[in-house]
Amino acid sequence: MDFDTLDKQMRSFEQSLDRTMPQGSYIVARLDGHGFTRLTKKEWNLEKPFDARFRDCMIETLRHLMDCGFRIIYGYTQSDEISLLFHLDDATFGRKERKLLSILASEASVAFSMKAGRSAIFDCRLISLPNVGYVVDYFRWRQEDSHRNSLNGHCYWLLRGQGMTVSDVQKRLEGISNGEKNELLISNGINYNNLPSWQKRGVGMYFKTVEKEGFNPQTNQTTTCIRRELYLETELPLGDAYTDYIINLLNENNHAGK
């Protein structure tokens, strides 16, 4: 069998399950740390329930993903997960699912490992969202997940610090409302509302247009130029204000009406 025939035959198998993300839909990629429970609980001596060093590793990984060759409108990270909202017109790698999944997971794994100084692995999934409303719902969902995990985490480690076993803590927290969890923290001197926003809501990142002052040596004059820089938002709004925040980002990228 000549090479061209063999190549065509093998590629037909290789590409038989190829899928592309639908044109005209928003792509969101969510990356999660793989095996991070072992990494964070057994290999790192992290502060409980949140550690600023780990947060910084996640932020730097997000920063890398925002500027590694894809057109990303908005990035969000909480705990050990990262969500990326693609520009509606992004067609990198023909929007092929396998390429996006493998490259994003690889980029995240390498970036985090370099920052952390130890090997780490991320997995990735892609979500296709048909309109702006679903995009907003997605990010409000992830922010609410952040809030719930944060509240549970603070309660869990408070009780563990008081000497309760894992099973006893689980029984103590099972079925109680968020209000009761807040009361538990307050009764132990912790006002959840006063905790750092990044612990409760996660953080966001997007490109911001800024004016930069420079100097033109040929004209010997000061000049002003426009540049796009990554901006880290550590005080994300909540509820309807977060909805407006996401829609404004889409509007700035001329896609809210599509």
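**Entry 1: Arg 95**

I started with Arg 95, which sits in the loop between E3 and H4. Helices (H or I, at least four residues) and strands (E, at least two) here are DSSP runs, numbered from the N terminus. The model is predicted, so I kept in mind that local features need pLDDT of at least 70 and side-chain atom pairs count only at pLDDT 80 or more, while totals for chains, interfaces and linings use all residues. Residues are numbered from 1 along each chain as its sequence is written, and side-chain values use heavy atoms, with hydrogens and water left out.

Phi of Arg 95 is positive, about 60 degrees, although Arg 95 is not a glycine. Buried or exposed? Arg 95 is buried, with a relative accessible area of 1%. For that term I use under 20% relative accessible area, with exposed over 50% and partly exposed in between (1.4 Å probe, protein chains only).

I then looked at Ser 79, another residue other than glycine with a positive phi, near 55 degrees. Ser 79 is in the loop between strand E2 (72-78) and E3, and at 45% relative accessibility it counts as partly exposed. Pro 49 belongs to the loop between H2 and H3.

**Entry 2: helix H4**

H4 covers residues 97-116, 20 residues in total. From first C-alpha to last it reaches 28 Å, close to the 28 Å expected at 1.5 Å a residue; the expected span is 1.5 Å times one less than the number of residues.

Which elements do the buried residues of H4 pack against? I found strand E1 (26-34), helix H2 (36-43), helix H3 (52-66), strand E3 (81-86) and strand E4 (121-129). The buried residues include Leu 100, Leu 104, Ala 108 and Phe 112.

Leaving aside neighbours within four places in sequence, Glu 97 is in contact (heavy atoms within 4.5 Å) with Arg 19, Thr 20, Met 21 and Leu 126. The C-alpha atoms of Glu 97 and Asp 18 are 7.3 Å apart, though 79 residues separate the two along the chain.

**Entry 3: nonpolar cores**

By nonpolar core I mean a set of buried Ala, Val, Leu, Ile, Met, Phe, Trp, Tyr and Cys residues joined through side-chain atoms within 4.5 Å. The largest has 34 residues, and those with the most contacts inside it include Leu 31, Trp 44, Leu 84 and Leu 104. E1, H2, H3, E3, H4, E4 and strand E5 (203-216) each give two or more residues to this core. Which element gives the most? It is H3, with seven residues.

Another core, of 20 residues, lies apart from it, and among its residues are Ile 73, Val 135, Leu 236 and Ile 246. Back to Leu 84: not counting residues up to four places away in sequence, it touches Leu 31, Leu 62, Leu 65 and Leu 104, among others.

**Entry 4: cysteines**

How many disulfides are there? I searched the whole structure and got zero, taking a disulfide as a pair of cysteine sulfur atoms within 2.5 Å. For Cys 57, the nearest cysteine sulfur is that of Cys 68, 17 Å away. For Cys 68, the nearest is that of Cys 124, at 11 Å. I also noted that Cys 57 is buried, with a relative accessible area of 7%.
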